[in-house]
Structures are given as C-alpha cells and as structure tokens.
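Please walk me through this structure in plain terms.

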Amino acid sequence: MSQKLLERHELPKNYTWDLESVFPDVAAWEAAIGTHQSQLKEVVQFKGRLGEGAAVLADYFGQAEQIYAVMGKIYVYASLGYSTNTADQEAAGRNDRARSLFGQTMAMLSFAEPEMIALGFETLGEWQATEPRLAPYAHYFDRLEKQAAHIRSAEVEQVLGMVSDPFGTASATHAILANTDLPFPTAVDSAGNEYDVAQSSIRALMGDADRTLRQSAYESYADTHLTFKNTMANALAAGVKQDVFISRVRGYKNSLDAALTSNFIPPEVFHNLIDTYKKNLPTWHKYWRVRREALGCDTLHEYDLKAPLSRDVPEVDYDTAVEWIAAGMAPLGDEYVTALKNGCLTERWVDVLPNKGKRMGAFSSGVKGTHPFIMMSYTPDLFGLSTLAHELGHSLHSYYTRRTQEQFVYSRYGMFVAEVASNFNQAMVRDYLFQQFAAQPEYQIALIEEAMANFQRYFFIMPTLARFELEIHERVERGQALNADSLINLLADLFAEGYGDEVVMDKERIGITWAEFHTHLYANFYVYQYATGISGAHALAQRVRDGGPEAADAYLSFLKAGGSLYPLDALKLAGVDLASPEPVETTFAVLAGLVDRLEGLVAQRDQ
C-alpha cells in the first residue's frame, strides 16, 4: 500500500467524479443560486392562496418541484466538492452557503403543508380527482394525512425550517474536527516505515498483514479522537438534544417514535432487530475465536479484527472490480449492467482514490437531474470491491428511481429501503465470486473474510450503536447529562457484551468508537437500518438467484418505486417482509454458516 497520500490535484482525472456535469464551474453554481432565489420570491406568492382551488395548488406544486430540483443541484455540487477536500476553504464556504440556502428554502416553503391540512383531506381527494396535474400526488397526500398530527402551524413550521441550518452546526463541527483538524500521528510498521493516517487510509491500514502497523494505526486513530473527546461529546450531546427538541415540538412520544413514525416504520421493527441481535451474540463470540485461531494469535485485540486471514490475499484493481460486480449483477439484466459499467468507467460517477483531506467512508449522492455520484477511497482488494458494489447498489437504486419517478417528491427514498439495495449488490457479487473461485480454498477464506467484515460493520457495530443511540436519547429525555466519559463507558460496556471473553478490550479506545461515526449518530436512529437492510438484502438476493426473471423484475420494480410507496410496501413488492423478524433470523443463520465454513477451511489448511 502507498505510504503517502496524494494531494487532490495529483489524482488522475478519470478516477475523479464529473462535477462539471452538475455545473461547469463555480460561476454557473453562483448563477444557479441567483435563479433559485428568484424562484423562491415567486413561490411565496402562493402563501395563503392554496385554498383558492385545485389549479392553484397544482401551480404551486409545479413551481415547488422546480425549486427543489435547482436546490438539490446547488447542494450536491457544494457538498461533493467539499467531501473530497475538507481542507479547501473555498469549498467549505460553498458547502456552508448551500446548507444555509437549504434551510432558507425549507423555511420559505413551510406554509404549504399546514395550508393543505387546513383544506381537509376530503377536499384534497376531490381536487386530485378533478385536476389531472394533482393525480400523481395521491401517495403524497396519503402520507401527509398520516403525518398531520405532527405538522405544526405555518409559523412554527417556518421556525423549524429556519433552525435546520444552525441545528446542523453540531454535526458539522464534529465532521470538521474528524476530517480536517485531527492531527493523526503517522503509523509505523515492523520495519520502521512510516504511513500517513487519515480518514481515507485508516481502513487499509487496519487491514494490513503487519500487526505492528495495525496496532500503531489503531492507537493513532483512537488516541487522537480521545484527545478531542470532550469537544466531540459536546457536539454529540447537542445533536441528541436537537432530536429530543424536534420530537417534542412535533408531538411524538420520544425521539425513537419520531424517527420511526415519520418514516412509516412500526416500532417492532427496531425492537425485533435488537432482541434478535442480542440472542445471536454467541455466533459473534464463536467468530472471534475462529479468527484468533486463524491468525495464530494467543490473544485477539481490536486491531486484529480486520487483519487478513488468507495467506494469499487477492489483489483486485478497480477495472477488474467493475467487471466482477457487473458479472455478479447479471441476473438483473443488460440494462442494469450497462448503466453500472458506464457509470464506473465512462461517465465518471465514482471518485475512486484516497487523497489528503478526503472525508472518511463512502457514500452515494446526487439528485434528480445529476449522476448518482459515489465517493470512496478504493483499495485494490476484495474490501474495495465490496464497498464499490455497496455504493453501486445505492446508485443504481437512485438511477432507476430518478428515471422512473417524474415528481421530485418521489425521486428520493428513505434509508430503510436504501440499505437493502446496497447490501443486495454485495450479496449478489459475493455469491458470484464464491462460485467462480470454488476450487481455491485460500480465495474462499478471503471471500468469507470480506463477508464477515461486512457483517461485522452492519450486523455487529451498527446494532451496538443502535443500542447506544437509544440509551443516550433516553438519558436526555430523562433529563440526564451526557459527557465524554459516560459515552465511552456506555459504548465500551455494549461492545463487551458482543466481544465476550474472546477479544482483549482496551476500554477507552473501544469506547471512543462513537466519536468515529460523526455522520451516522446525528441522523436520529439511522444506524439500525443497516442491520435491517442487510437482512432484507440477503432474503432478496436468494430470491433473485433462485427465482429467475420474474424475481429480478420484481426487484427492479422496487428500485423504480422510489418514494412513491411506503418503505415496507416497496420491499413487499420486491418479495420480503421486514415487519417480521424472520429475515433477521435468516440472515443470522447465513452468518453462522459462514463462521462454520471458515472454521472448516482454517482447520483443513492447518492440517
């Protein structure tokens, strides 16, 4: 692996995303802001007039759709430019302006839903039946009726829209610290070579075969977060208090109720997941033991949990990864595969390589009218391939949704369904590779290792963080304080349950893990959806593999539905019911099978 990170301008252009397809330059972005502000002045003229008739309401929707479309492109251009170089002050300024403009937009359009509710849903139904331009909004009106009890007066909604920008300060502060200001010491390997530690390099360092390097990188990363633990804890406490504030203003029972009800998810979905996770902890305890034995270690530490198990670690360059992912997704048809390959290889959807200042992690972004962009820091191995497959699941979901749904309001979908699409791709590609390399035991071990790393993130860390998130919200709701040490102790205790006696814990360094998730924990019960998502994904991957073209068509219909259906209904269209605990139980059985298979392969290798 490379020891030094490149500067942003040193990257090959073909491995960077095509932001010029959104706006050709900053001047065009500035011009779009001017257009957007003019549109806002026009749309506020509808305030107090939506009750004048169906045609007026339809006119409002037409203008609002345009406003959201332009605002979306303004925000995407600014946020993506900042994500790849968080030290760029001009990019940071554009990102901040876009956030402010988003808050202003929400505030100025906040009159609409209270006015529609005041009209009455019987009237809205009649208008929808007589005005063809309102017909597509049937599902929107149904959602509005279900949420009416939690939508406040126009004045209160305006205030809530206005505070969305300053309410973003806590998460933004945490992100700036994590991505820009944390001074990570270099890591050192067993030969004395030094390596840059950064958000875009830490995963590769933690997966290195050199245990000295892994430990050094882990301690650099954790200790630097610990140095700033009080500032980060203060930011997180502010984020939780904001969630509690919003839930109370809107009249929900609590923050969890606000997160679930507003996304039309029954509470038993969350609680079934947590209960099933706790019941299956022995599977994780077994995996840690098998991993320790495979590594030949007397003790297993946190910095060993991503160490390579295969003795012949396969290298997978980016172009090969695209080909293998395309082959794995072939059951979905030529259109899906062609869009995927074009996006990766010619249309520059993907910002591929790590660079100095690039933010941590990977994500898919974009809006109706842009490419579904992917940010990642590709490593030439199965883990890099898997991350790319995951983000392509999101991006192809967006690709089909935005092409199919004409209304902007349906061109977005919730994270509950999003995490199914992303994990589905990983499951499909993994199954393809298991078949392709069935006769190579070391490659089989490497594939299981990648699968277990994915499960570790989504079926171990995320449920643990979900339990953490529930407790810290409940503490604030009970009037208790949050501070760095209480957060560290709480999360360390939760991880201790998951590790059992198999992992040697460094309590502070493991407990600070919450500080390393500076986006996820500010989204009010976001993280549990990774675990439900991987559950739905494995059920659907098996269905598509075994069910032929009809199952594939049903899955594509799910991708096309976007926000035009409720999340559970969209997933039922694809063929899975996530209101039931069965998919989670089934996926834990898949996990247990992989652990058993790994144990057998390691035993066979060591004979």
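Among contacts (heavy atoms within 4.5 Å) in the protein between residues at least 6 apart in sequence, 77% join residues at least 24 apart. This is a predicted model, in which local features need pLDDT of at least 70 and side-chain atom pairs count only at pLDDT 80 or more, while totals for chains, interfaces and linings use all residues. Residues are numbered from 1 along each chain as its sequence is written, and side-chain values use heavy atoms, with hydrogens and water left out.

The secondary structure comes to 24 helices and 5 strands; these are DSSP runs numbered from the N terminus, with helices being H or I of at least four residues and strands E of at least two. The radius of gyration, taken over C-alpha atoms, is 24 Å, close to the 25 Å that the globule rule (2.2 Å times the number of residues to the power 0.38) gives for 607 residues, so the protein is as compact as a globular protein of that length. Along its principal axes, the C-alpha trace spans about 80 × 55 × 50 Å. Of the 607 residues, 57% count as buried, where buried means under 20% relative accessible area, exposed over 50%, and partly exposed in between (1.4 Å probe, protein chains only).

The next topic is charge. Side chains of opposite charge can pair when their charged atoms come close. Here a salt bridge is a side-chain nitrogen of Lys or Arg within 4 Å of a carboxyl oxygen of Asp or Glu, and the count comes to 34.

One of these joins Arg348 and Asp18, with the closest N and O atoms 3.9 Å apart. Arg348 lies in the loop between helix 16 (334–345) and strand 3 (350–351), and Asp18 in the segment before helix 1 (26–43), so the pair ties together parts that are 330 residues apart in sequence. Arg348 is buried at 16% relative accessible area, and Asp18 is buried at 18%.

Another salt bridge is formed by Lys279 and Glu585, whose closest N and O atoms are 2.5 Å apart. Lys279 is in helix 13 (residues 267–279) and Glu585 in helix 24 (residues 582–606), 306 residues away. Lys279 is exposed at 54%, whereas Glu585 is partly exposed at 29%.

Arg289 and Glu293 pair within helix 14 (residues 281–295), 4 residues or about one turn apart, with a closest N to O distance of 3.2 Å. Both residues also belong to a network of salt bridges that links them with Lys286, Asp596 and Glu599.
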